[in-house]
Amino acid sequence: MKISIFGLGYVGCVSLGCLSKNGHEVIGVDINPLKVGLINKGLPTIVEKDIDKIIKQEFEKGKISATVSATEAIKATTLSIICVGTPSSPQGHLNLNFIYKTAEQIGEALKEKDDFHVVVIRSTVLPGTNQKIGEIIETFSGKKRGEGFSVVSNPEFLREGSAVKDYYSPAVTVIGGDHQEALETVSSLYKDLSSPIEITGIEEAEIIKYVNNSFHALKISFANEVGNICKSLNIDSHNVMEIFCKDTHLNISPVYFKPGFAYGGSCLPKDLKGLVTLAHDQYLSTPVLNAIHESNENQKRIAFELINRTGKRKIALMGLSFKEGTDDLRYSPSVDISEKLIGKGFKLSIYDNNVHMSKLVGANKQFIDQHLPHLSELITNDPKLALEDADIVLLNHKNFDPKPYMDLLSEKEILIDLVRIPELETLPNYVGLCW
């Protein structure tokens with residue numbers, strides 16, 4: 001395939017070399033004649049392991065060139081990849097001037113071209129940028145998106161120092177678009193890689209890089225705070241984190257990585273508080289660990305506000321324990337929200353197939369007597385009874401089977417789902433907590 005790459009910085013230079021090595025003929029485009037000159041001498045524009053050899057080899061084969069002319073590059077290629085910079089402002093906003101200017105140049109060049117053209121965004125951009133770029137190209141080219149061209153989002157996940165390795169061995173390749181033929185064309189660029197290709201919506205593809213890098217930053221900060229605590233206690237922090245990483249069932253795994261309601265139970269709140277207190281006793285600042293509890297409380301506030309804004313007062317709560325499959329009510333976020341709702345004058349009916357008043361004993365009974373002393377008047381063993389008189393249904397357990405009650409559920413003012421039950425998502429009164 002003949003490919004043009006706009007922007008010969010870090011991502012552009014690596015893409016130029018690697019795509020050429022994969023058998024494509026690649027033209028680099030940059031407003032900086034110095035960068036263009038380097039490529040046209042078979043030299044890279046960056047310092048990066050192995051890229052100098054690749055650029056030299058592919059240049060000598062006649063498969064790499066560069067130009068300052070967008071029109072020249074567009075006319076000679078069928079697919080263009082945008083790799084220009086999107087720097088942050090001091091306030092944290094992205095400066096998208098370079099990417100918008102590139103879109104204008106591509107649009108102008110497409111005026112003179114009859115063939116369908118695929119534009120790929122590799123630059124890191126916020127959701128909505130793909131749509132905006134499409135509009136700019138339409139304006140400057142006079143062509144219609146989906147007919148004369150398509151815009152596909154394909155974020156890069158390259159680390160400086162191992163970018164070539166990362167290019168050929170990504171964990172996943174993410175491609176988002178709205179044109180099937182264009183998606184297939186972009187997917188073909190990665191057909192020789194062993195990693196999976198994830199075809200997704202445009203905005204999911206646009207935001208994933210921000211999610212990835214924010215989590216990477218969180219991991220570093222979390223590990224550093226653990227390190228500071230361990231050092232203060234003369235504990236080997238590296239050994240602690242090596243043991244932590246050996247748990248691939250819970251710690252380094254997809255477990256817990258699903259947006260939903262707040263955490264609770266007898267372990268997470270207690271142990272987090274214990275670690276934060278330990279750090280405090282050592283006169284250590286742990287802002288990441290300190291913020292976890294507040295973030296959890298905020299999720300409870302979001303759920304309450306969602307209910308409160310409806311203006312309705314009768315609520316059926318499906319699931320009271322801190323998670324399905326248990327009768328443990330201690331520090332259950334559902335108990336917290338129930339307590340708040342009752343205090344604000346809401347009428348509550350509760351169903352939980354694992355919670356029975358006669359079986360509540362010990363710390364579990366003591367906790368519920370303190371927080372929901374009138375639970376026996378609110379709870380029922382019949383889900384239909386809980387649902388019948390309610391205007392709002394609050395779904396808190398995934399093991400609630402809605403199928404027998406679909407007619408009843410569809411009549412309610414609103415279904416607020418805290419756990420994501422797929423069967424209910426098609427109902428017009430359905431609202432997910434954070435999806």
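The second largest cavity of this predicted model is lined by Ile121, Ser123, Thr124, Val125, Ser153, Asn154, Pro155, Ala205 and Glu206. About 50 Å³ of space lies within the second largest cavity, and a search of the whole structure returns two cavities of 30 Å³ or more.

**Cavities**

- By class, four nonpolar, four polar and one charged residues make up the lining of the second largest cavity.
- The largest cavity holds about 100 Å³ of space.
- Arg122, Asn154, Pro155, Glu156, Phe157, Leu158, Asp166, Tyr167, Pro170, Val172, Thr173 and Tyr190 line the largest cavity.
- The lining of the largest cavity comprises seven nonpolar, two polar and three charged residues.

**Second largest pocket**

- The volume of the second largest pocket is about 380 Å³.
- Its lining numbers 17 residues, of which Pro269, Lys270, Lys273, His293 and Tyr331 are the closest to the centre of the pocket.
- At least two lining residues of the second largest pocket come from each of helix 11, helix 12 and helix 14 (362-371).
- Helix 12 provides the largest share of this lining, with six residues.

**Helix 11 with helix 12**

- Helix 11 (residues 268-281) and helix 12 (residues 287-308) have axes that come within 10 Å and cross at roughly 145°.
- The crossing of helix 11 with helix 12 is left-handed.
- Leu272, Leu275 and Val276 of helix 11 form this contact together with Leu289, Asn290, Ile292 and His293 of helix 12.
- The contact of helix 11 with helix 12 contains five nonpolar, two polar and no charged residues.
- His293 takes part in the contact of helix 11 with helix 12 and is also among the residues closest to the centre of the second largest pocket.

**Helix 9 with helix 10**

- The axes of helix 9 (residues 202-232) and helix 10 (residues 237-246) come within 9 Å, with a crossing angle of roughly 135°.
- Helix 9 and helix 10 are therefore oblique to each other.
- Helix 9 and helix 10 form a right-handed crossing.
- On the helix 9 side, Phe222, Ala223, Val226, Gly227 and Cys230 meet Ser237, Val240, Met241 and Phe244 of helix 10.
- The residues of the contact of helix 9 with helix 10 divide by class into seven nonpolar, two polar and no charged.

**Helix 1 with helix 3**

- Helix 1 (residues 10-21) and helix 3 (residues 51-60) cross at roughly 55°, and their axes come within 9 Å.
- Helix 1 and helix 3 are therefore oblique to each other.
- The crossing in which helix 1 passes helix 3 is left-handed.
- Helix 1 contributes Cys13, Val14, Leu16, Gly17, Cys18, Ser20 and Lys21, which meet Ile51, Ile54, Ile55 and Glu58 of helix 3.
- Seven nonpolar, two polar and two charged residues form the contact of helix 1 with helix 3.

Key:
Residues are numbered from 1 along each chain as its sequence is written. This is a predicted model: local features need pLDDT of at least 70, side-chain atom pairs count only at pLDDT 80 or more; totals for chains, interfaces and linings use all residues. Side-chain values use heavy atoms; hydrogens and water are left out. Axes are lines fitted to C-alpha atoms, for helices over the stretch in contact, and angles run from 0 to 180 degrees between N-to-C directions. Helices (H or I, at least four residues) and strands (E, at least two) are DSSP runs, numbered from the N terminus. Angles under 35 degrees count as roughly parallel, over 145 as roughly antiparallel, 65 to 115 as roughly perpendicular and the rest as oblique. A crossing is left-handed if the near helix is turned anticlockwise from the far one by less than a right angle, and right-handed if clockwise. Contact means heavy atoms within 4.5 Å. Ala, Val, Leu, Ile, Met, Phe, Trp, Tyr, Cys and Pro count as nonpolar, Asp, Glu, Lys and Arg as charged, and the others, Gly among them, as polar. On a 1 Å grid over the protein atoms alone, a cavity is a set of points where a 1.4 Å probe fits but cannot get out, and a pocket is an open set with protein on both sides within 12 Å along at least five of seven lines; lining residues have an atom within 4 Å of a point. Grid points are joined across faces, edges and corners, and a volume is the space filled by probe spheres set on the points.
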